[in-house]
Amino acid sequence: MIVLQALILMFVAAAGTAVVFTRDPTSQAIVVSFYGLLLGIMFFVFQAPDVALSQIVVGAIALPLMIMLALARVKKQSRKAQK
Amino acid sequence: MTRRIRQRFFLISAAALALCFVWGYADLPPFGHVSSSYANIVNAISVPQRHITDAVTAVNFDVRGFDTLGEEFILFTSVLGVILLMRRTKDEPAGDHEDKAPGRKVPPVSDAVRVTTLLLMAPTILFGWYIVVHGQVTPGGGFQGGVILSSAPLLLYLCGSYPKFRGAAAPRLIEIAEALGAAGYILIGGACVALGGLFLENLLPLGTTGTLTSGGMVPFINLGVGLEVSGGFTLILLVYLEELMEEKE
Amino acid sequence: MSYLPYAVAAWLFLIGLYGVISSRNLVHLIICVGVIQSSSYVLLLAVGYRTGAAAPVFVDIPVGTRAVDPVVQALMLTDVVVEVTVVALLLALAIQVHKRHGTLNPDELRKLKG
C-alpha cells in the first residue's frame, strides 16, 4: 500500500507539471481530464471515497467540457471580428 | 517589467516560498499520525448518537451543516454570475441556430452513438438519484449525486440536435429546481427555528441506523443539495452551449 | 518517504504559480489556477491520513475501527464541486474580455487602458 501511495503521488506531480507546460489550451483540456482522473485515483488510494466520487465526474468530464466550450466561443468571436 | 525580469524575480521568490514551506512542515505531525481529537470524536459518535453510518456526510450536513450552507451558496452565486456574464446583449440578434462553424460539413450523428446515449440516459438518472438518496448510508450525498445527474441532459445533446436538448432540459424548469434546492436548505433551518430549536438543529427523529430514513433531517437536506447542484451544473452547460450557437446568415 | 505528500503539495503549488506568471493565454492561466487549488487537496489529504486505517464509512465495519479523518474529507468534498463552478465563472469573464479587446494574451491586455 505504501508503494502504491508513493507511485500515485509521483504520477500526480508529473501530471500537474504536464498540465502547466502544455501551452495550447485545446490540448491542455485533454491533459486536465487525465489529471482529474489521476487525482480521483489518488483520493481513492488514500481512503477518501466520497471525494473520489465528486472528483472523477467533475474533473474528468465537466471541467474539460467547459474549457472546450469556452475555446469554441472565443474562436467564433475572433472569426466574426475578422469579417 | 519585461517577461524575463518577471521570470527571474519569480524564481527567487519561489525559492524563498519553498523554504517557508519546509519551515512550516517541520511543525506538522508526521505523515500517518492524525493528532486531531475532533476526528476521533466524530468517528466515535457518528453511528451511536447521530445514526449516520457515513461519517463524512454526518460532518457535512449534520455536525457542520452551517458551513455547507455557505459552500452551497458559493455555487449558487457562481452560477448566477455565469448567467449574468453570458446574457445576450443588444448587438447580438438571436437567430436560427446551428452548432457548427459555417462552411463545415458535419457528419450526422451515427446510429451507434444515438442508441448508446439513449440507453444510458435512464440508468444515469437512476444512478444519480441513488447516490443522492443513499448519502447517509454509503459514500455519496447531494454533491456527488447532483453532479452525476447533471450529466444526463448532456447525453441528450450528444445524441440529438441542440433544439431537442433545449426542449428536454427546459431552462425555466431547471432554474425553478435550482432555486428550490437552494431555498430548501434555508427553509429547513428556518423551520427548526420556528419549532423552537436552533437554526439547522436536527429536530426530526433519528431513525434506524443504516436505512434511508436515518439521520433525521439529513435526507431532506441531501435532496435539496442534489437538486441545487444538478440544476446549477445543467444551467452552466445550457448557457455555454447557447453561446456557441452560430447564427444563420 | 514520509515527506512525499507534503513535497508534492508544495511542488504543485509552485509549478501552478509559475504557469500563472508565465502564461500567454488567459484560458491556460485559469487552468493553472485550478492546479494550484488541487495542491490544497493533496495537503489536506496528507494531513488527515492515518496509516493502516479504513475509510470513515461504518456500514460494514464495526464502529470502533481506526478510520481516517472525516472532517478534512468533508472540506475537500464541497471544495471540488465549487472549484469547477468558479472556473466556469472565470472562463465566462475571459470570454467577455476577448469580446471587448480581441485578444487573450495577458501581456497585450496590460497595455490597454480603460
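Student: Where does A:Gln47 lie in chain A?

Tutor: A:Gln47 belongs to the loop joining α2 (25-45) and α3 (49-82) of chain A; helices (H or I, at least four residues) and strands (E, at least two) are DSSP runs, numbered from the N terminus. This is a predicted model, in which local features need pLDDT of at least 70, side-chain atom pairs count only at pLDDT 80 or more, and totals for chains, interfaces and linings use all residues. Residues are numbered from 1 along each chain as its sequence is written, while chains are lettered from A and ligands numbered from 1 in the order in which they are written.

Student: What is the phi of A:Gln47?

Tutor: Most residues other than glycine have a negative phi. A:Gln47, however, has a phi near 65°, a positive value. The residue is also buried, as 22 other C-beta atoms lie within 10 Å. The cut-offs are these: buried is 20 or more other C-beta atoms within 10 Å of a residue's own, exposed is 12 or fewer, and partly exposed is in between, with C-beta atoms placed from the backbone.

Student: Which loop of chain B holds B:His51, and what is its phi?

Tutor: B:His51 sits in the loop between α2 (37-45) and α3 (55-63) of chain B. Its phi is near 60°, again positive in a residue other than glycine. B:His51 is buried, with 22 other C-beta atoms within 10 Å.

Student: Is B:Gly190 buried or partly exposed?

Tutor: B:Gly190 is partly exposed, having 13 other C-beta atoms within 10 Å. It is part of helix α9 (residues 171-194) of chain B. Between B:Gly190 and B:Leu200, 10 residues apart in sequence, the C-alpha to C-alpha separation is 7.4 Å.

Student: How is confidence in chain B to be read, and what is its mean pLDDT?

Tutor: Where pLDDT is low, the predicted coordinates should not be read in detail. The term pLDDT denotes the predictor's confidence in each residue, from 0 to 100. Chain B has a mean of 83, with 91% of its residues at 70 or more.

Student: How many helices does chain C have, and how spread out is the chain?

Tutor: Chain C has 4 helices and 0 strands. Its radius of gyration is 19 Å, well over the 13 Å that the globule rule gives for 114 residues, so chain C is more spread out than a compact globule. The radius is taken over C-alpha atoms, and the rule is 2.2 Å times the number of residues to the power 0.38. Along the principal axes, the C-alpha atoms of chain C fill a box of roughly 65 × 30 × 15 Å. Buried residues form 53% of the 114 in this chain.

Student: Which residues touch the most other members of the largest nonpolar core?

Tutor: In soluble globular proteins, nonpolar side chains tend to be buried together. A nonpolar core is a set of buried Ala, Val, Leu, Ile, Met, Phe, Trp, Tyr and Cys residues joined through C-beta atoms within 7 Å. Here the largest core has 111 residues, and A:Met66, A:Ala70, C:Val27 and C:Leu91 touch the most other members. Helix α3 (residues 70-101) of chain C supplies the largest share of this core, 17 residues.
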